[in-house]
Amino acid sequence: MAERQPAPRRLDHHLMALTTTGQGTVEIDFSSHPCRPGTLLWVQPGQAVRFGGQEGFDAALVSWRGDVLDDEELVSAQSHQLTGADEDAMISEFAQLAEDLGRLREGPIAGALLRHQLAVLLLRVALLTGAEDRAPQTAEARTFARFRSALEAGHAESRRVEDYAAQLGCSVRTLTRASLAITGRTAKQVVDDRVALEARRLLACTPLSVAEVGRRLGFPEPTNFGRFFHREVGESPGAFRAAATGTRENHRIPAQRSPAD
C-alpha cells in the first residue's frame with residue numbers, strides 16, 4: 001500500500017530550497033517539480049507546498065519574510081536546474097549564509113550582513129534565471145504587471161474585469177490585449193485562474209468548509225461556487241480536497257529564525 005502523503009502547507013514566508021542529495025518531488029501550487037542535486041526552488045508567500053521524495057532526498061533551505069530587493073518579483077523563479085560553476089556558487093552562498101546565521105549574535109550589524117548576503121543570493125538567482133530579460137519592456141507587459149498586482153490584492157472581492165480596468169484607468173479591451181500578449185489567455189480567464197487557485201489553496205491547506213471557501217471568494221451560494229470550481233478545475237471542491245489532502249489535519253512548518261526578520 002502506498003504511503004499517504006502529507007497535506008500541502010501554505011507558507012507565510014519565502015522559502016528557497018537547493019537540493020543537495022537524492023531525488024524527489026516538490027509540489028508548488030499543485031504542480032510537481034522533480035528534484036535532483038542542483039535543483040533550486042523558490043516558494044512564494046501564500047503558495048501551497050508539499051515535499052515528497054525517496055530515501056536520502058535532502059535540501060538546503062533558506063527562508064525570509066518581506067522584500068529584500070527593490071524589484072523582487074523580477075528575480076522570482078519557481079524552479080531552476082543548476083550545473084557546474086553555477087551550482088558550486090549557489091552551494092557556497094547557501095553554506096555561508098547558514099554558517100553566519102548560526103554563529104553570529106543577533107544585532108543590527110549582524111542583521112545587516114545577513115540581509116546583504118540574502119540579497120546577493122537573490123541577485124545571483126536573478127542572473128541565473130535571466131530575470132533581466134523578463135523585465136517589463138512593452139506597454140502590454142507593463143499593463144499586465146499592474147493588472148496582476150491589482151488582481152492579487154482584489155481577487156477575493158471582485159471577479160469582474162471591468163472593476164480592474166476602472167482601477168487601472170484603462171479599458172477592458174486594453175487589459176484583454178495585454179493578458180493575451182503575455183499569457184495567451186483573456187483577462188477574464190486570468191481572473192478566474194487566480195480565483196480557482198485561491199480556492200484550491202484554501203481547500204487543501206485550511207479546515208474551512210466548502211461553503212466558507214466559497215464565501216471568502218465572493219460566492220454567497222455554495223452551488224454557484226461548486227459550479228465555478230468544477231468548470232475551472234474539472235472536479236468538485238470536495239473531490240479535490242480529498243485527493244489533495246487525504247486527511248483533514250493541517251501541518252505547519254515550525255517557526256525558525258530568518259535572515260530578514
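Predicted model: local features only at pLDDT ≥ 70, side-chain atom pairs only at ≥ 80, totals over all residues.
**Questions about what lies inside**

Visitor: Why is Thr-143 called buried?
Guide: Its relative accessible area is 16%, and buried means under 20% (exposed is over 50%, partly exposed in between, with a 1.4 Å probe and protein chains only). Residues are numbered from 1 along each chain as its sequence is written, and side-chain values use heavy atoms, leaving out hydrogens and water.

Visitor: Where does Thr-143 sit, and what does it touch beyond its neighbours within four places in sequence?
Guide: Thr-143 is in helix α3 (helices are DSSP runs of H or I with at least four residues, strands are E runs with at least two, and both are numbered from the N terminus). Beyond those neighbours, Thr-143 is in contact (heavy atoms within 4.5 Å) with Thr-174, Leu-175 and Ala-178.

Visitor: What makes Phe-30 buried?
Guide: Phe-30 comes in at 19% relative accessible area, so it falls under the limit too. You'll find Phe-30 in the loop between β3 (24-28) and β4 (31-35). Not counting residues up to four places away in sequence, its contacts include Pro-8, Leu-197 and Phe-240.

Visitor: How do you know that the buried residues of α4 are on the same side?
Guide: Those residues are Val-161, Tyr-164, Ala-165 and Leu-168. An α-helix has 3.6 residues a turn, so residues three or four places apart point the same way. On the other side of α4, Ala-166 and Gln-167 are exposed.

Visitor: Which helices do the buried residues of α4 pack against?
Guide: They pack against α3 (139-154), α5 (172-183) and α6 (187-205).

Visitor: What makes a set of residues a nonpolar core?
Guide: Its members are buried Ala, Val, Leu, Ile, Met, Phe, Trp, Tyr and Cys residues, joined through side-chain atoms within 4.5 Å. The largest core here has 32 residues, and Phe-147, Leu-175, Val-213 and Leu-217 touch the most other members. The largest share, 11 residues, comes from α6. Leu-175 has Phe-147, Val-161 and Tyr-164 among its contacts, again leaving out residues up to four places away in sequence. There's also a second, separate core of 17 residues, with Trp-42 and Val-62 among them.
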